[in-house]
Amino acid sequence: MNVNLINSKFEEKFSTKGELFTSPGRINLIGEHTDYNGGFVFPGAIDKGMVAAIKLNGTDKVRAYAVDLDDYAEFGLNEEDAPAASWARYIFGVCREIEKRGGKIAGFDTAFSGDVPLGAGMSSSAALESTFANALNELFSLGIDRFELARIGQSTEHNYCGVKCGIMDQFASVFGKAGHLMRLDCRSMEFEYFPFDPEQHGYKLVLLDSVVKHELVGSPYNDRRASCERVAAVLGQEFLRGATMEQLEAIKDKISEEDYMRARYVIGEEQRVLDVCEALKRDDYETVGKRMYETHWGMSKDYEVSCEELDFLATVAEECGVTGSRIMGGGFGGCTINLVKSELYDGFIATAKERFNAKYGHEPKVYNVVISDGARRL
Ligand code: GLA
């Protein structure tokens with residue numbers, strides 16, 4: 001992360017120095033599309049994120065400079081002041097959600113930059129939201145607890161960005177801890193840190209980015225959520241969490257074929273997260289990997305959030321003997337997450353690059369995963 005660049009851009013724009021805050025993107029080992037179903041997720045924060053320099057400016061306006069986009073926006077803090085630029089709406093949304101919760105904030109200047117690849121399924125937007133939620137909480141001494149900071153980011157997505165997301169990404173970005181994954185129960189909001197060091201056991205965790213931009217804004221993501229909610233309603237439950245395959249079979253003729261498939265995936269995924277956590281406790285990486293492939297094909301065939309390129313990458317991984325591989329995040333593009341034995345790593349990366357390039361005319365990008373800390377002041 002280029003902190004010097006942000007400092008110098010901030011000074012150039014605002015002729016003063018700002019204070020620095022950062023929040024990370026995330027990976028998710030398993031537990032996809034389970035968060036808004038009240039289920040379990042198993043994410044970790046990564047060493048890529050957003051950094052913002054911020055300083056209160058004594059006005060009632062926010063002046064924001066997006067370094068990477070070389071774009072500037074100025075906006076007020078009232079509901080009618082929403083900026084047009086989508087990146088600025090994340091910052092505006094965080095301000096509004098803080099105010100809706102009774103937090104008093106005022107104008108500030110900011111310049112920010114990030115190294116979470118956009119649209120790669122690593123939650124660049126949650127990194128941005130958490131950076132500002134955490135920074136404003138500190139700068140205005142608001143005393144908001146960390147769960148509420150995550151919810152502020154989530155509500156920003158719901159109310160200002162059009163994505164009815166769950167809590168996983170913002171939670172991971174706020175609560176991340178170096179060397180640990182977190183199993184979060186999205187119904188009770190209880191969570192547990194799991195030490196996670198695959199290298200120690202002879203494995204590497206690597207992301208392959210198809211560079212197909214995923215776009216959660218708009219209907220497909222929200223449609224998946226709506227399907228799950230319809231099935232839960234027929235089952236007489238608040239969430240799909242806890243439903244069994246038998247219960248689903250019993251109501252099959254009351255729901256559409258599509259909703260049935262969506263629910264089948266989610267119910268299977270619940271069990272897979274629990275299996276993976278148990279397997280990790282006994283260092284059983286083979287089981288972890290198997291469940292990852294099952295998630296991939298469930299997301300592809302039943303949940304229908306994969307794409308040809310990601311199916312191709314998972315297939316190549318399997319053919320190379322990779323322990324586990326699957327689409328990561330919301331889907332519709334982005335990355336696969338791969339658990340690969342250290343001795344197979346070089347061969348796998350070379351083969352994946354070569355075969356992907358031969359088919360799609362460009363190589364996938366490769367990101368090695370380092371599990372890192374959550375939202376903080378620098
Ligand atoms: C996106 C959402 C999350 C979660 C994942 C899928 O990243 O923001 O809340 O639903 O998709 O697991």
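A polar contact is a pair of N or O atoms within 3.5 Å; within protein, one must be able to donate a hydrogen and the other to accept it, and residues adjacent in sequence count only if both atoms are side-chain atoms. I note that this is a predicted model, in which local features need pLDDT of at least 70 and side-chain atom pairs count only at pLDDT 80 or more, while totals for chains, interfaces and linings use all residues. Residues are numbered from 1 along each chain as its sequence is written, and side-chain values use heavy atoms, with hydrogens and water left out.

**Entry 1: T156**

I started with the side chain of T156, which reaches the backbone oxygen of I152 at 2.8 Å. I placed T156 in helix 4, residues 146–161; helices (H or I, at least four residues) and strands (E, at least two) are DSSP runs, numbered from the N terminus. T156 counts as buried because its relative accessibility is 0%. The classes I use are buried, under 20% relative accessible area, exposed, over 50%, and partly exposed in between (1.4 Å probe, protein chains only).

I listed the contacts of T156 next, where contact means heavy atoms within 4.5 Å. With neighbours within four places in sequence left aside, T156 touches R89, Y90, G93, V94, E97, E129 and C161.

**Entry 2: the two domains**

I looked up the division of the protein and found domain 1 (3–194) and domain 2 (197–368), with bounds that come from an automatic or database domain assignment. Domain 1 gives 35 residues to the contact and domain 2 gives 44 residues. I also noted that the C-alpha centres of domain 1 and domain 2 are 25 Å apart.

The size of an interface is often given as the accessible area lost when the parts come together. I read about 3,400 Å² buried between domain 1 and domain 2, with carbon and sulfur atoms giving 63% of that area. Buried area here is the accessible area (1.4 Å probe) that two parts lose on being put together, summed over both.

For polar pairs I found 19 residue pairs in polar contact between domain 1 and domain 2, both residues at pLDDT 80 or more. On the side of domain 1 that touches domain 2, the elements giving two or more residues are strand 1 (19–28), strand 2 (40–41), helix 4 and strand 7 (180–185). Strand 1 has the largest share of that side, with three residues. By class, I count 15 nonpolar, 12 polar and eight charged residues on the side of domain 1 that touches domain 2. In this scheme Ala, Val, Leu, Ile, Met, Phe, Trp, Tyr, Cys and Pro count as nonpolar, Asp, Glu, Lys and Arg as charged, and the others, Gly among them, as polar.

I also found two salt bridges across the interface of domain 1 and domain 2; a salt bridge is a side-chain nitrogen of Lys or Arg within 4 Å of a carboxyl oxygen of Asp or Glu.

**Entry 3: salt bridges**

By the same rule I get a count of 28 salt bridges. R326 pairs with E32, and their closest N and O atoms are 2.8 Å apart.

I looked at R96 and E99 in helix 2 (residues 86–100), which are three residues apart, about one turn of the helix. Their side chains meet in a salt bridge at 3.7 Å, N to O. R96 counts as buried at 12% relative accessibility, whereas E99 at 22% counts as partly exposed.

In helix 6 (residues 219–235) I found E229 and R225 four residues apart, about one turn of the helix. E229 and R225 form a salt bridge with closest N and O atoms 3.0 Å apart. E229 is partly exposed at 42% relative accessibility, and R225 is buried at 16%.

R355 and E319 meet through their side chains in a salt bridge of 2.8 Å, N to O. This pair links distant parts of the chain, with R355 in helix 11 (residues 342–360) and E319 in helix 10 (residues 308–319), 36 residues apart. R355 counts as partly exposed at 31% relative accessibility, while E319 is exposed, with a relative accessible area of 53%. I also traced one network, in which salt bridges that share partners join E97, K100, R101, E148 and R151.

**Entry 4: D302**

I found D302 in helix 9, residues 285–302. D302 counts as buried at 13% relative accessibility. Its side chain and that of R264 are joined by a polar contact of 2.8 Å. D302 and M261 are 41 residues apart in sequence, yet 4.9 Å apart in space, C-alpha to C-alpha.
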